[in-house]
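Work through the following exercises with the model open beside you, and try each task before reading its solution.

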Amino acid sequence: MFIPIQVDENSTEPMYAQIENQLRALILSGRVETGTLLPSIREFASQLQCSIITVRRVYQDLESEGLLRTKQGTGTFVAQVAQGEKDQYREKAVEDALRNAVQSAQQMKLTKQDFRELVDRVVEESWSDEGEGER
């Protein structure tokens, strides 16, 4: 199975952290579903062009968080994650992004009103209402 993870070799963030954070996000967002068989460590390392040790560390870290389960001789699977935990993760990820946006706006000397108008404009331009009513 192909897992859509992008590694930036020029990033200051360690490769294992980039992979771990992206895989965690894919699992908690539901894009990689419960029960999904992940690639073998060797296969995933080849796909990502990194060492086997890097992928082994990612799998072990996520298994210790309860996001993955390894069955000897069968492989590594995505574990059942409570919906509340998924919701909490999604909300925190968006909140963190908004905090970063506020910091950027402050650095650019935008007023609160200018920032709110910018957010409203971006939401209106970018939001897809497919299957969702406005909240």
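Predicted model: local features only at pLDDT ≥ 70, side-chain atom pairs only at ≥ 80, totals over all residues.

**Exercise 1. Describe how helix α2 meets helix α3, from handedness to residue classes.**

Solution. Begin with the sense of the crossing: α2 passes α3 in a right-handed crossing, where right-handed means that the near helix is turned clockwise from the far one by less than a right angle, and left-handed that it is turned anticlockwise. Residues are numbered from 1 along each chain as its sequence is written, and side-chain values use heavy atoms, with hydrogens and water left out.

Next comes the geometry: α2 (residues 41–48) and α3 (residues 52–64) pack at an angle of about 115°, and their axes are 8 Å apart. Here axes are lines fitted to C-alpha atoms, for helices over the stretch in contact, and angles run from 0 to 180 degrees between N-to-C directions.

Finally, list the partners: from α2 come I41, R42, F44 and A45, which meet I52, V55, R56 and Y59 of α3, a contact being heavy atoms within 4.5 Å. By class, the contact of α2 with α3 holds six nonpolar, no polar and two charged residues (Ala, Val, Leu, Ile, Met, Phe, Trp, Tyr, Cys and Pro count as nonpolar, Asp, Glu, Lys and Arg as charged, and the others, Gly among them, as polar).

**Exercise 2. Classify the angle between α1 and α3, and name the residues that make their contact.**

Solution. The axes of α1 and α3 come within 9 Å and cross at roughly 45°. The two helices are therefore oblique to each other, since angles under 35 degrees count as roughly parallel, over 145 as roughly antiparallel, 65 to 115 as roughly perpendicular and the rest as oblique. The crossing of α1 over α3 is right-handed. On the α1 side the contact is made by M15, Y16, I19, E20, L23 and R24, and on the α3 side by T54, R57, V58, Y59, D61 and L62. These residues divide into seven nonpolar, one polar and four charged.

T54, in helix α3, is buried because its relative accessible area is 16%, buried meaning under 20%, exposed over 50% and partly exposed in between, with a 1.4 Å probe and protein chains only. Apart from neighbours within four places in sequence, T54 is in contact with M15, Y16 and I19. E20, in helix α1, is buried as well, with a relative accessible area of 10%, and, not counting residues up to four places away in sequence, E20 touches R57, V58, D61, L62 and E65.

**Exercise 3. Carry out the analysis for α1 and α4.**

Solution. The axes of α1 and α4 (residues 83–107) come within 9 Å and cross at roughly 125°, which makes α1 oblique to α4. This crossing is left-handed. N21, R24, A25, I27 and L28 of α1 make the contact with E85, K86 and Y89 of α4, and by class the contact has four nonpolar, one polar and three charged residues.

**Exercise 4. Is Q49, with its positive phi, buried or exposed?**

Solution. Q49 has a positive phi of about 55° although it is not a glycine. Q49 lies in the loop between α2 and α3, and, with a relative accessible area of 64%, Q49 is exposed.

Definitions and conventions. Helix = DSSP H or I, 4+ residues; strand = E, 2+ residues; numbered from the N terminus.
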